[in-house]
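User: Hi! Could you walk me through this protein?
Analyst: Happy to. Here it is.
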Amino acid sequence: MTDTSDQQEQPLISHLVELRQRLMRAVLAVFLIFLGLFYFANDLYLFMSAPLTALLPEGTSMIATDVTSPFFAPFKLTLVAAVVLAMPYILHQIWSFIAPGLYANEKQFAIPLLVSSIMLFYAGIAFAYFVVFPLIFGFFTSVGPENVAVMTDISSYLNFVLKLFFAFGITFEIPVATLLLIKSGAVTAKSLAAKRAYVVVICFVFGMLLTPPDIISQSLLAVPMWLLFELGLFMSRFITSKTVAEDEAE
(Lines give C-alpha, C1' and ligand atoms only; values in the text may rest on other atoms or scores of the structure.)
Protein backbone atom coordinates (compact mmCIF):
# COMPACT_ATOMS: atom_id res chain seq x y z
CA MET A 1 0.00 0.00 0.00
CA THR A 2 2.85 2.36 0.83
CA ASP A 3 4.60 1.70 -2.46
CA THR A 4 1.39 2.32 -4.40
CA SER A 5 0.70 5.61 -2.62
CA ASP A 6 4.31 6.71 -3.20
CA GLN A 7 3.98 5.95 -6.91
CA GLN A 8 0.81 8.04 -7.05
CA GLU A 9 2.40 10.92 -5.19
CA GLN A 10 5.51 11.06 -7.40
CA PRO A 11 3.67 11.90 -10.66
CA LEU A 12 1.61 14.53 -8.81
CA ILE A 13 4.73 16.13 -7.37
CA SER A 14 6.48 16.06 -10.73
CA HIS A 15 3.46 17.75 -12.36
CA LEU A 16 3.42 20.43 -9.69
CA VAL A 17 7.13 21.04 -10.13
CA GLU A 18 6.70 21.33 -13.90
CA LEU A 19 3.76 23.70 -13.44
CA ARG A 20 5.81 25.90 -11.12
CA GLN A 21 8.68 25.97 -13.59
CA ARG A 22 6.44 26.98 -16.47
CA LEU A 23 4.74 29.68 -14.40
CA MET A 24 8.15 31.03 -13.43
CA ARG A 25 9.18 31.11 -17.10
CA ALA A 26 6.02 33.01 -17.98
CA VAL A 27 6.58 35.54 -15.19
CA LEU A 28 10.22 35.92 -16.22
CA ALA A 29 9.19 36.58 -19.83
CA VAL A 30 6.80 39.33 -18.70
CA PHE A 31 9.49 40.82 -16.46
CA LEU A 32 12.12 40.88 -19.21
CA ILE A 33 9.74 42.49 -21.70
CA PHE A 34 8.72 45.00 -19.05
CA LEU A 35 12.36 45.93 -18.44
CA GLY A 36 12.88 46.41 -22.16
CA LEU A 37 9.82 48.64 -22.48
CA PHE A 38 10.11 50.65 -19.27
CA TYR A 39 12.59 53.13 -20.76
CA PHE A 40 9.95 53.94 -23.39
CA ALA A 41 7.05 54.10 -20.90
CA ASN A 42 6.28 57.77 -21.59
CA ASP A 43 6.51 57.21 -25.34
CA LEU A 44 4.09 54.30 -25.03
CA TYR A 45 1.64 56.50 -23.17
CA LEU A 46 1.94 59.22 -25.82
CA PHE A 47 1.17 56.63 -28.49
CA MET A 48 -1.78 55.31 -26.46
CA SER A 49 -3.21 58.79 -25.91
CA ALA A 50 -2.77 59.91 -29.54
CA PRO A 51 -6.39 59.14 -30.58
CA LEU A 52 -7.61 61.58 -27.91
CA THR A 53 -4.90 64.26 -27.96
CA ALA A 54 -5.27 64.61 -31.74
CA LEU A 55 -8.88 65.72 -31.17
CA LEU A 56 -8.38 68.02 -28.20
CA PRO A 57 -9.02 71.73 -28.81
CA GLU A 58 -5.96 73.88 -29.38
CA GLY A 59 -4.36 75.02 -26.14
CA THR A 60 -5.64 72.08 -24.08
CA SER A 61 -3.89 68.90 -23.00
CA MET A 62 -4.28 65.91 -20.75
CA ILE A 63 -3.77 66.48 -17.03
CA ALA A 64 -2.70 64.56 -13.92
CA THR A 65 -4.97 65.14 -10.92
CA ASP A 66 -2.97 62.82 -8.67
CA VAL A 67 0.63 63.45 -7.60
CA THR A 68 1.70 59.90 -8.50
CA SER A 69 -0.18 59.68 -11.83
CA PRO A 70 2.70 60.89 -14.05
CA PHE A 71 4.70 57.85 -12.90
CA PHE A 72 2.11 55.16 -12.24
CA ALA A 73 -0.01 55.64 -15.38
CA PRO A 74 2.90 54.92 -17.81
CA PHE A 75 4.14 52.21 -15.41
CA LYS A 76 0.76 50.46 -15.45
CA LEU A 77 0.51 50.76 -19.22
CA THR A 78 3.99 49.28 -19.68
CA LEU A 79 3.17 46.34 -17.42
CA VAL A 80 -0.04 45.61 -19.31
CA ALA A 81 1.80 45.90 -22.63
CA ALA A 82 4.43 43.44 -21.38
CA VAL A 83 1.74 40.90 -20.46
CA VAL A 84 0.01 41.32 -23.84
CA LEU A 85 3.25 40.94 -25.79
CA ALA A 86 4.27 37.92 -23.72
CA MET A 87 0.90 36.23 -24.23
CA PRO A 88 2.07 33.90 -27.04
CA TYR A 89 4.90 32.62 -24.84
CA ILE A 90 2.59 32.32 -21.81
CA LEU A 91 0.08 30.30 -23.82
CA HIS A 92 2.93 28.20 -25.19
CA GLN A 93 3.93 27.30 -21.63
CA ILE A 94 0.34 26.41 -20.79
CA TRP A 95 0.07 24.34 -23.96
CA SER A 96 3.34 22.52 -23.23
CA PHE A 97 1.98 21.57 -19.81
CA ILE A 98 -1.37 20.18 -20.98
CA ALA A 99 -0.37 18.80 -24.41
CA PRO A 100 1.00 15.45 -23.13
CA GLY A 101 -2.46 14.58 -21.82
CA LEU A 102 -4.22 15.18 -25.15
CA TYR A 103 -4.95 12.76 -27.98
CA ALA A 104 -3.42 13.31 -31.41
CA ASN A 105 -6.69 14.53 -32.96
CA GLU A 106 -7.19 16.94 -30.05
CA LYS A 107 -3.70 18.37 -30.59
CA GLN A 108 -4.37 18.74 -34.29
CA PHE A 109 -7.49 20.78 -33.53
CA ALA A 110 -6.09 22.73 -30.58
CA ILE A 111 -2.91 24.14 -32.18
CA PRO A 112 -4.60 26.22 -34.93
CA LEU A 113 -7.28 27.21 -32.41
CA LEU A 114 -4.60 28.46 -30.01
CA VAL A 115 -2.83 30.46 -32.72
CA SER A 116 -6.06 31.95 -34.03
CA SER A 117 -7.17 32.96 -30.52
CA ILE A 118 -3.95 34.94 -30.04
CA MET A 119 -4.28 36.64 -33.42
CA LEU A 120 -7.96 37.44 -32.81
CA PHE A 121 -7.16 38.99 -29.42
CA TYR A 122 -4.54 41.23 -31.02
CA ALA A 123 -6.99 42.05 -33.82
CA GLY A 124 -9.56 43.13 -31.25
CA ILE A 125 -7.08 45.50 -29.61
CA ALA A 126 -6.05 46.92 -33.00
CA PHE A 127 -9.71 47.40 -33.98
CA ALA A 128 -10.38 49.29 -30.76
CA TYR A 129 -7.35 51.56 -31.21
CA PHE A 130 -7.58 52.35 -34.92
CA VAL A 131 -11.35 52.27 -35.48
CA VAL A 132 -13.28 52.66 -32.23
CA PHE A 133 -11.17 55.26 -30.40
CA PRO A 134 -11.16 57.93 -33.15
CA LEU A 135 -14.94 57.62 -33.50
CA ILE A 136 -15.92 57.72 -29.84
CA PHE A 137 -13.35 60.37 -28.87
CA GLY A 138 -14.42 62.49 -31.81
CA PHE A 139 -17.99 62.20 -30.57
CA PHE A 140 -17.18 62.92 -26.92
CA THR A 141 -15.00 65.95 -27.65
CA SER A 142 -17.57 67.51 -29.98
CA VAL A 143 -20.75 67.29 -27.91
CA GLY A 144 -19.57 69.12 -24.78
CA PRO A 145 -20.67 72.67 -23.89
CA GLU A 146 -18.64 75.42 -25.51
CA ASN A 147 -17.43 76.85 -22.19
CA VAL A 148 -16.06 73.47 -20.98
CA ALA A 149 -12.45 72.64 -21.85
CA VAL A 150 -11.77 68.93 -22.44
CA MET A 151 -8.75 68.08 -20.24
CA THR A 152 -8.81 64.36 -19.44
CA ASP A 153 -6.94 62.90 -16.48
CA ILE A 154 -4.22 60.49 -17.64
CA SER A 155 -5.17 57.76 -15.15
CA SER A 156 -8.86 57.95 -16.04
CA TYR A 157 -8.00 57.78 -19.73
CA LEU A 158 -5.77 54.74 -19.20
CA ASN A 159 -8.45 52.88 -17.25
CA PHE A 160 -10.96 53.72 -19.98
CA VAL A 161 -8.85 52.45 -22.88
CA LEU A 162 -7.69 49.32 -21.04
CA LYS A 163 -11.32 48.43 -20.36
CA LEU A 164 -12.13 48.80 -24.05
CA PHE A 165 -9.01 46.87 -25.10
CA PHE A 166 -10.02 43.98 -22.86
CA ALA A 167 -13.66 44.11 -24.04
CA PHE A 168 -12.76 44.06 -27.73
CA GLY A 169 -9.96 41.51 -27.26
CA ILE A 170 -12.34 39.09 -25.56
CA THR A 171 -15.11 39.86 -28.05
CA PHE A 172 -12.94 38.88 -30.98
CA GLU A 173 -12.62 35.40 -29.44
CA ILE A 174 -16.26 34.65 -30.30
CA PRO A 175 -15.41 32.56 -33.39
CA VAL A 176 -13.12 30.38 -31.26
CA ALA A 177 -15.79 29.97 -28.58
CA THR A 178 -18.38 29.10 -31.23
CA LEU A 179 -16.14 26.46 -32.79
CA LEU A 180 -15.36 24.95 -29.39
CA LEU A 181 -19.05 24.68 -28.51
CA ILE A 182 -19.85 22.98 -31.81
CA LYS A 183 -16.77 20.75 -31.76
CA SER A 184 -17.53 19.56 -28.21
CA GLY A 185 -21.06 18.65 -29.21
CA ALA A 186 -22.67 21.00 -26.69
CA VAL A 187 -24.62 22.64 -29.50
CA THR A 188 -24.97 22.28 -33.25
CA ALA A 189 -24.43 24.88 -35.93
CA LYS A 190 -28.06 24.50 -36.98
CA SER A 191 -29.39 25.17 -33.48
CA LEU A 192 -27.17 28.24 -33.10
CA ALA A 193 -28.30 29.58 -36.47
CA ALA A 194 -31.92 29.14 -35.39
CA LYS A 195 -31.25 31.31 -32.33
CA ARG A 196 -29.61 34.11 -34.34
CA ALA A 197 -32.16 36.72 -33.20
CA TYR A 198 -31.41 35.98 -29.53
CA VAL A 199 -27.68 36.18 -30.22
CA VAL A 200 -28.08 39.68 -31.70
CA VAL A 201 -29.95 40.83 -28.58
CA ILE A 202 -27.29 39.29 -26.32
CA CYS A 203 -24.57 41.06 -28.31
CA PHE A 204 -26.18 44.44 -27.70
CA VAL A 205 -26.68 43.63 -24.01
CA PHE A 206 -22.99 42.80 -23.66
CA GLY A 207 -22.15 45.92 -25.65
CA MET A 208 -24.13 47.94 -23.13
CA LEU A 209 -22.43 46.29 -20.15
CA LEU A 210 -18.84 46.35 -21.41
CA THR A 211 -18.65 49.82 -22.95
CA PRO A 212 -19.35 53.40 -21.84
CA PRO A 213 -23.03 54.39 -21.73
CA ASP A 214 -23.36 55.71 -25.29
CA ILE A 215 -24.96 54.11 -28.33
CA ILE A 216 -21.85 54.53 -30.49
CA SER A 217 -19.55 52.47 -28.26
CA GLN A 218 -22.25 49.87 -27.71
CA SER A 219 -22.89 49.48 -31.43
CA LEU A 220 -19.17 49.37 -32.25
CA LEU A 221 -18.86 46.37 -29.93
CA ALA A 222 -22.21 44.66 -30.57
CA VAL A 223 -22.02 44.65 -34.37
CA PRO A 224 -18.54 43.03 -34.52
CA MET A 225 -19.73 40.49 -31.93
CA TRP A 226 -22.59 39.47 -34.21
CA LEU A 227 -20.36 39.36 -37.32
CA LEU A 228 -17.78 37.25 -35.46
CA PHE A 229 -20.54 34.89 -34.37
CA GLU A 230 -21.53 34.51 -38.03
CA LEU A 231 -17.87 33.85 -38.88
CA GLY A 232 -17.75 31.10 -36.25
CA LEU A 233 -20.87 29.51 -37.75
CA PHE A 234 -19.36 29.67 -41.22
CA MET A 235 -16.09 28.07 -40.09
CA SER A 236 -17.98 25.34 -38.23
CA ARG A 237 -19.18 23.97 -41.57
CA PHE A 238 -15.65 22.85 -42.39
CA ILE A 239 -15.24 21.20 -38.99
CA THR A 240 -18.57 19.41 -39.30
CA SER A 241 -17.85 18.18 -42.82
CA LYS A 242 -14.40 17.00 -41.77
CA THR A 243 -15.84 15.10 -38.80
CA VAL A 244 -18.45 13.42 -41.01
CA ALA A 245 -15.75 12.41 -43.50
CA GLU A 246 -13.60 10.92 -40.72
CA ASP A 247 -16.58 8.96 -39.35
CA GLU A 248 -17.37 7.57 -42.79
CA ALA A 249 -13.73 6.59 -43.31
CA GLU A 250 -13.75 4.67 -40.03
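User: How exposed is Phe 75?
Analyst: Phe 75 has a relative accessible area of 27%, so this residue is partly exposed. The cut-offs are under 20% for buried, over 50% for exposed and partly exposed in between, with a 1.4 Å probe and protein chains only. Keep in mind that this is a predicted model: local features need pLDDT of at least 70, side-chain atom pairs count only at pLDDT 80 or more, and totals for chains, interfaces and linings use all residues. Residues are numbered from 1 along each chain as its sequence is written, and side-chain values use heavy atoms, leaving out hydrogens and water.

User: Got it. What about Tyr 45 and Tyr 157, what do they form?
Analyst: An edge-to-face aromatic pair, 6.4 Å centre to centre with 70° between the planes. Rings of Phe, Tyr and Trp (its six-membered ring) pair if their centres lie within 6.5 Å; planes under 30 degrees apart are stacked, over 60 edge-to-face, the rest tilted.

User: Where do those two sit?
Analyst: Tyr 45 is in helix H2 (residues 41-53) and Tyr 157 in helix H6 (residues 154-171), 112 residues apart. Helices are DSSP runs of H or I with at least four residues, strands are E runs of at least two, and both are numbered from the N terminus.

User: Buried or exposed, Tyr 45 and Tyr 157?
Analyst: Tyr 45 is buried at 8% relative accessibility, and Tyr 157 is buried at 3%.

User: New topic: how many helices and strands are there?
Analyst: Ten helices and zero strands.

User: And how much of the protein is buried?
Analyst: Of its 250 residues, 33% count as buried.
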